[in-house]
Structures are given as structure tokens and as C-alpha cells.
Amino acid sequence: MYIIPKLLKNYSPKRFNLAKKKKQKYYVVWFGNPAGIYDSWEKCKKAIQGISGAQYKSFETLPEAKIAFQKEYVDYKGKNTKKKKILTSEELQRIGEPNLYSIAVDAASSGNPGKMEYRGVDTQTHKELFRQGPFMQGTNNVGEFLALVHGLAFLKQQQSDRMIYSDSRIAMGWVRRKKCNTKLKRTSQNKKIFELITRAETWLKNNTYTTKIVKWETKAWGEIPADFGRK
């Protein structure tokens with residue numbers, strides 16, 4: 001039987017003075033002991049502790065949590081429940097439009113770790129320029145890093161002055177430091193990925209480039225053109 005704790009039935013923002021606290025979250029537990037809606041991670045954790053295959057997810061508002069509780073876990077599994085910020089006209093004007101004289105790179109991973117692949121496309125035409133994978137036991141961040149380095153090498157080989165767009169600040173930082181700072185554990189299944197990481201790091205150390213790497217503004221422009229469309 002699904003149970004909603006009594007605390008939530010008498011919920012009042014004024015009563016709990018939430019404005020002075022950190023942002024409130026609500027946790028839906030579809031399969032736990034007991035199932036229900038909880039107003040703190042501590043309470044949610046008690047409900048799922050020791051439960052094999054526990055099903056739960058956080059939501060930003062109580063109404064959203066109540067709606068989700070009436071549905072199935074599979075309707076929300078792997079989906080981002082955070083509300084997307086709508087940019088103001090001033091913010092959109094400040095960001096401007098993407099430079100179409102460029103390439104865009106992206107990666108996708110089915111699991112973390114899981115099957116990973118990456119690619120680069122022409123930003124304007126979306127024509128695929130290169131694609132690698134899938135590789136077993138990889139991560140999205142590693143794929144984003146490899147995609148960026150592959151893009152740099154590709155443009156240098158083509159003697160192109162186009163820029164590169166990436167939607168991963170982490171990968172951009174790794175490229176800047178010439179080091180893939182992943183916590184991914186090396187296994188027999190992802191041996192190829194680590195070979196590619198070594199090659200990429202070596203390329204960064206042994207080559208210079210003038211290519212400009214720019215953050216893709218997803219909130220203003222939508223998904224990056226190289227996106228695999230699996231969100």
C-alpha cells in the first residue's frame with residue numbers, strides 16, 4: 001500500500017519557512033519500505049535502504065511529486081526532472097546566435113559506465129564528419145573529451161580555421177589541461193577506450209593548435225547539432 005507521510009498532508013511553505021532553507025525537494029519512492037512521497041533525502045533514504053531494486057526519484061515541487069506517484073517509475077527512469085530555465089530576451093540577445101562556420105561534437109553513453117560513442121558534425125548542415133564507437137564500459141565525459149581531441153586533430157589535418165562547439169565544460173577543462181581526469185576504472189572490456197585516451201593526451205602534448213573551443217549554449221540554442229537524441 002502506498003503511503004504519503006502525514007507531514008506532507010499538512011504542508012505549508014509559511015509554516016516551515018522554506019524560504020530561509022536550502023531549496024526544497026520531494027522524493028517519490030515507488031518501490032521501497034514504505035512507498036510514498038518524502039520531503040527530505042534522509043527520510044527517502046530510510047525507505048529505500050536495504051531494498052534491492054528500489055525505485056525512487058526527486059522532484060522540485062510537491063504537485064509534480066504527487067503526479068509522478070500516480071504514474072509508473074518507468075515513466076521517469078533516466079529522465080531529468082529539473083525545470084529548464086527560460087532565458088529572458090536580454091539574456092538571449094547577450095548570448096547571440098551560434099557561429100555556423102564551425103563543427104560540433106558530442107558523445108552518448110548508455111549507462112555510466114556503459115556503451116559509449118562520439119561524433120563530430122558540421123554545425124550548419126549537420127553532416128557527420130567523424131564517428132567512433134560504440135565502445136564498452138565508457139562514460140559520457142570520456143566520450144566528450146575524445147570527441148573534442150578528435151575534432152581538433154580533424155580540423156588541423158584539414159587546415160581549417162573553423163571553431164569547435166562542445167556542450168561539456170568538463171571535457172573542455174580536460175582538453176585545456178591536456179589530461180583526461182576520469183575516475184573510470186580500467187577493465188578488460190574498456191581497454192580500447194584507455195588506448196584512445198592515451199593517444200588523445202599524447203596528441204595534445206605534442207601538437208599546437210589555434211582552434212577556438214566554444215561552449216554550446218543549450219538553453220538558448222537547443223541541443224547541440226551532434227547530439228545523439230537519446231535524452
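**Ground rules.** I number residues from 1 along each chain as its sequence is written, and side-chain values use heavy atoms, with hydrogens and water left out. As the model is predicted, local features need pLDDT of at least 70 and side-chain atom pairs count only at pLDDT 80 or more, while totals for chains, interfaces and linings use all residues.

**Helix pair.** I looked up H6 (residues 140–158) and H8 (residues 191–206); they pack at about 45°, with axes 10 Å apart. Helices are DSSP runs (H or I, at least four residues), and strands are E runs of at least two, numbered from the N terminus. Axes are lines fitted to C-alpha atoms, for helices over the stretch in contact, and angles run from 0 to 180 degrees between N-to-C directions.

**Cores.** I then checked the largest nonpolar core, which has 30 residues. Such a core is a set of buried (under 20% relative accessible area, 1.4 Å probe, protein chains only) Ala, Val, Leu, Ile, Met, Phe, Trp, Tyr and Cys residues joined through side-chain atoms within 4.5 Å. H6 gives the largest share, 9 residues. Tyr118, Phe145 and Leu146 have the most contacts inside this core. Leaving aside neighbours within four places in sequence, I find Leu146 in contact (heavy atoms within 4.5 Å) with Met116, Tyr118, Leu196, Ile197 and Ala200. Another core lies apart, with 11 residues, including Trp30 and Phe69.

**Loop.** Pro34 sits in the loop between strand S1 (26–31) and strand S2 (36–38). Pro34 and Ile48 are 14 residues apart in sequence and 8.1 Å apart in space, C-alpha to C-alpha.

Conventions: Buried < 20%, exposed > 50% of the residue type's maximum accessible area, 1.4 Å probe, protein only.
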